[in-house]
Amino acid sequence: MVSAPVPRLVIAAPSSGSGKTTVATGLMAAFAARGLAVSPHKVGPDYIDPGYHALATGRAGRNLDAYLCGPELVAPLFLHGARGCDLAVVEGVMGLYDGAAGEGELASTAQVAKLLRAPVVLVVDASSQSRSVAALVHGFASWDPQVRIGGVILNKVGSDRHESLLREALDSAGVPVLGALRRAARVETPSRHLGLVPVAERTSAAVDAVDAMAAQVTRGCDLAALEALARSAGPLPDGSAPWTPDPSPAHHPTRTGPARPAGERRPVVAVAGGSAFTFSYAEHTELLTAAGAEVAVFDPLRDEGLPEETAGLVVGGGFPEVYAAELSANEPLRAAVADLARSGAPVAAECAGLLYLCRELDGQPMCGVLDATARMSERLTLGYRDAVAVGDSVLAVAGTRMRGHEFHRTVVEPGAGAAPAWGVRAPVRRVEGFVQQGVHASYLHTHWASEPGVARRFVERCRTS
C-alpha cells in the first residue's frame, strides 16, 4: 500500500547550536495557532525538546530514532504519531548529516528525511557570515541528491543590512530563503549539565518561551511558503503503515505467549513522573496499556505513597541529582518503593531510576533497593550502545538484543550487580546494571517499540508476581 501523504517538514541545521529547537518549536506553535493539528517529532533519543514540542502543539512529542528502533520503524512511528494531523514538523539532531559514530548516515537527520521523503528546511546561524552563507548552503544542498533542501531560514541575523547581504548571496545558491530571524534573548531557554531545562521544571517560563518562539517565527518566516513546502512531500514508501502499540502475537507474529483472558483485571503499573523524572517515550505507556496494564503516573517529589494496588513500577530518566534532597526527604515513598521491590514485584528503572534505587545519591539516602551508591561526576557519558540481556529478567529473556542510549554525568559504584542487566559492546565490552528478584535497573535508555515483547513480559509478570 502507499500511505496517504501527511504534509511534513524536517527542520535541520549545519551543526548543533544553530537554532533548530527555536525554529521547529516556533513553527509548531505558529501553525497550531492557525488552527492546524500539528504532529511534533524529534530525530534521535532526546527527551527534552519533545517536551517543548508538546507544549507548542498540545500533542505528545515523539522521537524518530533509526538507531534505537531501526530504519524500518521510522515511517510507521511517524504515521502513528501523525494520525489525524494536518501537518507534521520534525526537528533534526546535531548537523544534518551527523549520525551514530562510525555508522555512516545511520540515525542522522538526513537519513530520517529520506525515510520520510520529507523536504528539509536548513536553519543557518548567520551571525558571523554574509556571502559565505551561499557556499555553505550550496554544499549542504548538493552533498546528497536524495536529500531535498527546500528552503533556508536565516537565524541570528544582526540587521536589515545584514539580511540584505545574506539574501543577495543566496540568490545564486538556488535555495529559497523562507525566513530571517533576528537575535532575540527572550527565546533562549536555560541549560545545564545535560542540555535544556525540561518543560516540567519551568512551568510558566516554558510557556512564555514557546510563545516567544512562535511570535519570532511568525514575524520572520513565510508561513504560507513553509506550509506549501510541507504539502509538497510525496507519498511515504510502499508498505508504510502506522505502528501499533498492541504487543500481542496477533500484531507481532514472532512473539509467543498465552493470550489474555477476556475481562481479566488490569494490573496497575505505577510510572514515575514530575520534575525529577521527565525522560520517557510516549510509546512506553501506550505499550503498557495495550499489554493490559492500567498506567498510573505519580510524582516522587510530592506523593508519599505509590498508586493504590500498584503491581509494578517503572522509573525512567530525568534529573534526580537536581532533586536529591527532596527525593530523599520523601521517606514514606522511598520505603514504599523498597517494600515493593522486596516483594518481588516487577520494577524497571533506567538511568535516573537506577540512581533512585541506590542506597544514596551524592550522600543523600535513596530507596536502598540496590547495594550501590551514586554520585555526580565531571565526565559526560554519552552515546549509543548495542546491548544483550545477560540473563532472564522482568523485561527480557537472556540473549535478547536491544539498542540503547547512555546520557549522564553520574557514576554508580559498583557499575553492575552479581546478575548484570546488560552486556554492552561499545565503547568497550563490559557488563552493567542490576537484575535482582523483579528489579531490572540500568543506565541504558531503550525504546520499547523496537522490542514490543518487553512491555508484554513486564505486564505478565505484574499479573503473576
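Before anything else, one term: contact means heavy atoms within 4.5 Å. With that in hand, take Leu-154, which, leaving aside neighbours within four places in sequence, is in contact with Val-124, Ala-126, Val-133, Leu-166, Leu-170, Val-177, Gly-179, Ala-180 and Leu-181.

A word on sources. The model is predicted, so local features need pLDDT of at least 70 and side-chain atom pairs count only at pLDDT 80 or more, while totals for chains, interfaces and linings use all residues. Residues are numbered from 1 along each chain as its sequence is written, and side-chain values use heavy atoms, with hydrogens and water left out.

Now the core. Leu-154 is among the residues with the most contacts inside the largest nonpolar core, which has 113 residues; Phe-78, Leu-116, Leu-226 and Leu-288 are the others. A nonpolar core here is a set of buried Ala, Val, Leu, Ile, Met, Phe, Trp, Tyr and Cys residues joined through side-chain atoms within 4.5 Å; buried means under 20% relative accessible area, with a 1.4 Å probe and protein chains only. A second, separate core has 38 residues, including Ala-270, Leu-327, Ala-345 and Cys-358.

How much of the chain is buried? Of its 465 residues, 58% are.

Next, contacts along the sequence. Taking those between residues at least 6 apart, 75% join residues at least 24 apart.

Last, the overall dimensions. The C-alpha trace spans about 70 × 50 × 45 Å along its principal axes.

How values were computed: Buried < 20%, exposed > 50% of the residue type's maximum accessible area, 1.4 Å probe, protein only.
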